[in-house]
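Thanks, everyone. I have one structure to show today, and I will start with its surface and then go through the chain as a whole. Please have a look at it first.

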Amino acid sequence: MIHPLAFGMPDLPELLIIALIGLLFFGKRLPEVGRSIGKTIVEFKKGMRDVEQDMHETASGPPSSVPPTISTPPQLIAPSGPQPYKFDPYTGKQVESNTNEKV
């Protein structure tokens with residue numbers, strides 16, 4: 001016994017009704033909707049292909065002809081202008097400095 005609220009796959013009459021309702025709703029815009037759906041599918045496939053290619057390149061490692069690059073750490077830049085405090089190298093304590101002196 002089939003439950004009255006259980007639905008199966010739509011048959012030909014149901015598909016025709018769905019197509020007719022879609023035609024009524026979209027009408028003249030139907031080709032535009034189809035194009036946008038097609039572009040979306042193409043972009044999705046292209047993105048999946050790029051992800052698969054990146055995964056393959058990562059798994060195979062860098063090419064042996066190109067040496068790995070080592071990035072150098074950024075240069076530390078001392079603050080400009082007079083510093084109100086400096087440290088005594090012998091005691092390690094903070095001392096007040098003359099504002100005219102450079103640290």
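The surface of this predicted model carries a nonpolar patch made of I17, I21, L23, F25, F26 and L30. Taken together, these residues have about 600 Å² of accessible area.

Where does the largest share of the nonpolar patch come from? Helix 1, residues 12-26, supplies 5 residues, and that is the largest share.

Take I21 as an example. I21 sits in helix 1, and its relative accessible area is 42%. Is I21 buried or exposed, or something in between? I21 counts as partly exposed, because 42% falls between the cut-offs of 20% for buried and 50% for exposed.

Now the chain as a whole. The protein chain has 2 helices and 2 strands, and their order along the sequence is α-α-β-β.

How much of the chain is buried? Of the 103 residues in the protein chain, 2% are buried. The accessible surface of the protein chain is about 10500 Å², and carbon and sulfur atoms account for 65% of that surface.

Last, confidence. The mean pLDDT over the protein chain is 75, with 60% of the residues scoring at least 70. Which elements mark the two ends of the range? Helix 2, residues 30-60, has the highest mean pLDDT among the elements, at 89. Strand 1, residues 85-87, has the lowest, at 68.

How values were computed: Residues are numbered from 1 along each chain as its sequence is written. This is a predicted model: local features need pLDDT of at least 70, side-chain atom pairs count only at pLDDT 80 or more; totals for chains, interfaces and linings use all residues. Side-chain values use heavy atoms; hydrogens and water are left out. Patches are made of residues with over 30% relative accessible area and no salt bridge: like charges are joined within 9 Å, nonpolar side chains (Val, Leu, Ile, Met, Phe, Trp, Tyr) within 5 Å. Accessible areas come from the Shrake-Rupley method with a 1.4 Å probe; for residues, only the protein chains shown count as cover. A salt bridge is a side-chain nitrogen of Lys or Arg within 4 Å of a carboxyl oxygen of Asp or Glu. Helices (H or I, at least four residues) and strands (E, at least two) are DSSP runs, numbered from the N terminus. Buried means under 20% relative accessible area, exposed over 50%, partly exposed in between (1.4 Å probe, protein chains only). pLDDT is the predictor's confidence in each residue, from 0 to 100.
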